[in-house]
Amino acid sequence: QERGRWRVPGERWRGGPCEVCQCLPGGRVRCVPYCPLRDTGCPQGHVLQEGDGGSCCTCVPAGE
């Protein structure tokens, strides 16, 4: 059970703006950092930078 809702093993949900969680066997929950830019990628000439607390992640010019 998570936030008053029952989950089934294998089910995934957003645990927060920068986190994705999954229900594991035995009622355990695993949450890991989530970056929406991993799916879309960064524009050419930019690289993905992990969040600094103010955001999950961001694209910055390569070489910075």
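This is a predicted model: local features need pLDDT of at least 70, side-chain atom pairs count only at pLDDT 80 or more; totals for chains, interfaces and linings use all residues.
Residues are numbered from 1 along each chain as its sequence is written. Local features need pLDDT of at least 70, side-chain atom pairs count only at pLDDT 80 or more, and totals for chains, interfaces and linings use all residues, while side-chain values use heavy atoms, with hydrogens and water left out.

The protein has one helix and five strands. Helices (H or I, at least four residues) and strands (E, at least two) are DSSP runs, numbered from the N terminus. Along the sequence the pattern is β-β-β-α-β-β. Of the 64 residues of the protein, 20% count as buried. The protein exposes about 4700 Å². Carbon and sulfur atoms supply 52% of that area. Accessible areas come from the Shrake-Rupley method with a 1.4 Å probe; for residues, only the protein chains shown count as cover. Contacts (heavy atoms within 4.5 Å) were also examined. Among contacts between residues at least 6 apart in sequence, 4% join residues at least 24 apart.

The structure holds four disulfides. A disulfide is a pair of cysteine sulfur atoms within 2.5 Å. With the bonded cysteines numbered in sequence order, the pairing is 1-6, 2-3, 4-7, 5-8. Three of these links are described here in turn.

Cys18 and Cys56 form a disulfide with sulfur atoms 1.9 Å apart. The link of Cys18 and Cys56 is left-handed, with -85 degrees about the S-S bond. Cys18 lies in the loop between strand E1 (12-16) and strand E2 (19-23), and Cys56 in the loop between strand E4 (46-50) and strand E5 (57-61), so the pair ties together parts that are 38 residues apart in sequence. Cys18 counts as partly exposed, because its relative accessibility is 32%.

Cys35 is joined to Cys57 by a disulfide, S to S 1.8 Å. The torsion about the S-S bond of Cys35 and Cys57 is about 85 degrees, so this disulfide is right-handed. Cys35 sits in the loop between strand E3 (29-33) and helix H1 (37-40), whereas Cys57 belongs to strand E5; the pair therefore ties together parts that are 22 residues apart in sequence. Cys35 is buried at 3% relative accessibility. Cys57 is buried too, with a relative accessible area of 9%.

In the disulfide of Cys42 and Cys59, the sulfur atoms are 2.1 Å apart. The link of Cys42 and Cys59 is left-handed, at -85 degrees about the S-S bond. Cys42 lies in the loop between H1 and E4 and Cys59 in strand E5, so the pair ties together parts that are 17 residues apart in sequence. Cys42 is partly exposed, with a relative accessible area of 26%. Cys59 also counts as partly exposed, at 21% relative accessibility.

Two further residues were examined for burial. Cys23 is buried, with a relative accessible area of 8%. Gln22 is found in strand E2. Gln22 counts as buried, because its relative accessibility is 15%. Leaving out residues up to four places away in sequence, Gln22 touches Gly10, Glu11, Arg12, Trp13, Arg28, Val29 and Arg30.

Methods:
Buried means under 20% relative accessible area, exposed over 50%, partly exposed in between (1.4 Å probe, protein chains only).
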